[in-house]
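Subject: Structure handover

Hello,

Here is the structure I said I would pass on. Please open it and keep it in view while you read the notes.

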Amino acid sequence: PAVRGPGHGVWSYLGGRSFRASSLAFITSNGVLAELQTITQKIDVGSNADSFRTQYATVMFVKPDGTPIASGCAAAVGKRFE
């Protein structure tokens, strides 16, 4: 089975409480790099900075040589926990 590693990326400030984030994760199968996953999204942080939402994100999967495999969209919400 394929295993997704941790995603790493960057956030860019868009103004107000909005950010653009892009992350990359490696997906391996039997210890061999099989795919790359890229997620790009706009993140809106809540007024108390303890929550966020992403109304739309793009998700791309490509082979190590850059050949596209699949793409899709996503949405997310998050809340700070202690």
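The notes below go from the whole chain to single residues.

The whole chain

Please keep in mind that this is a predicted model. The chain has six strands and zero helices. Read from the N terminus, the order of elements is therefore simply β-β-β-β-β-β. The C-alpha trace spans about 45 × 30 × 20 Å along its principal axes. The chain has 82 residues, and 21% of them count as buried. Among contacts with a separation of 6 or more, 30% are between residues 24 or more positions apart.

Two buried polar residues

Ser18 is in strand S3, which covers residues 18-29. Ser18 has a relative accessibility of 14%, so it counts as buried, the cut-off being under 20%. The side chain of Ser18 makes a polar contact of 2.6 Å with the side chain of Asp44. Leaving out residues up to four places away in sequence, Ser18 touches Ser12, Tyr13, Lys42, Ile43 and Asp44.

Gln41 is in strand S4, residues 32-45. Is Gln41 buried or exposed? Gln41 counts as buried, because its relative accessibility is 18%. Its side chain is joined to that of Thr54 by a polar contact of 3.1 Å. With residues up to four places away in sequence again left out, Gln41 touches Phe19, Arg20, Ala21, Thr54, Tyr56 and Ala57.

Aromatic rings

How many aromatic pairs does a search of the whole structure find? The search finds two. One of the pairs is Trp11 with Phe19, where the centres are 5.5 Å apart and the planes are at 55 degrees, a tilted arrangement. Trp11 counts as exposed, because its relative accessibility is 53% and the cut-off is over 50%. Phe19 has a relative accessible area of 22%, so it is partly exposed. Phe19 is also one of the residues that Gln41 touches. Ring pairs link Trp11, Phe19 and Tyr13 into a cluster. Tyr13 is among the residues in contact with Ser18.

A nonpolar patch

Which residues make the nonpolar surface patch of about 250 Å²? Leu24, Phe26 and Leu33 make it. Leu33 lies in strand S4, the strand that also holds Gln41. Leu33 has a relative accessible area of 36%, so it is partly exposed.

Two loop residues with positive phi

Asn30 is in the loop between S3 and S4. Its phi is near 55 degrees, which is a positive value in a residue other than glycine. Asn30 is exposed, because its relative accessible area is 73%.

Ala49 is in the loop between S4 and strand S5, which runs over 51-62. Phi of Ala49 is near 60 degrees, again a positive value in a residue other than glycine. Ala49 has a relative accessibility of 37%, so it counts as partly exposed.

Regards

Terms used
Residues numbered from 1 in each chain as written. Predicted model: local features only at pLDDT ≥ 70, side-chain atom pairs only at ≥ 80, totals over all residues. Heavy atoms only, no water. Helix = DSSP H or I, 4+ residues; strand = E, 2+ residues; numbered from the N terminus. Buried < 20%, exposed > 50% of the residue type's maximum accessible area, 1.4 Å probe, protein only. Polar contact = N/O pair within 3.5 Å; in protein donor to acceptor, adjacent residues only side chain to side chain. Contact = heavy atoms within 4.5 Å. Patch = residues over 30% accessible without salt bridge, like charges linked within 9 Å, V, L, I, M, F, W, Y side chains within 5 Å. Areas by Shrake-Rupley, 256 points an atom, 1.4 Å probe, with all protein chains shown as cover. Salt bridge = Lys/Arg side-chain N within 4 Å of Asp/Glu carboxyl O. Phe/Tyr/Trp six-rings, centres within 6.5 Å; stacked < 30°, edge-to-face > 60°.
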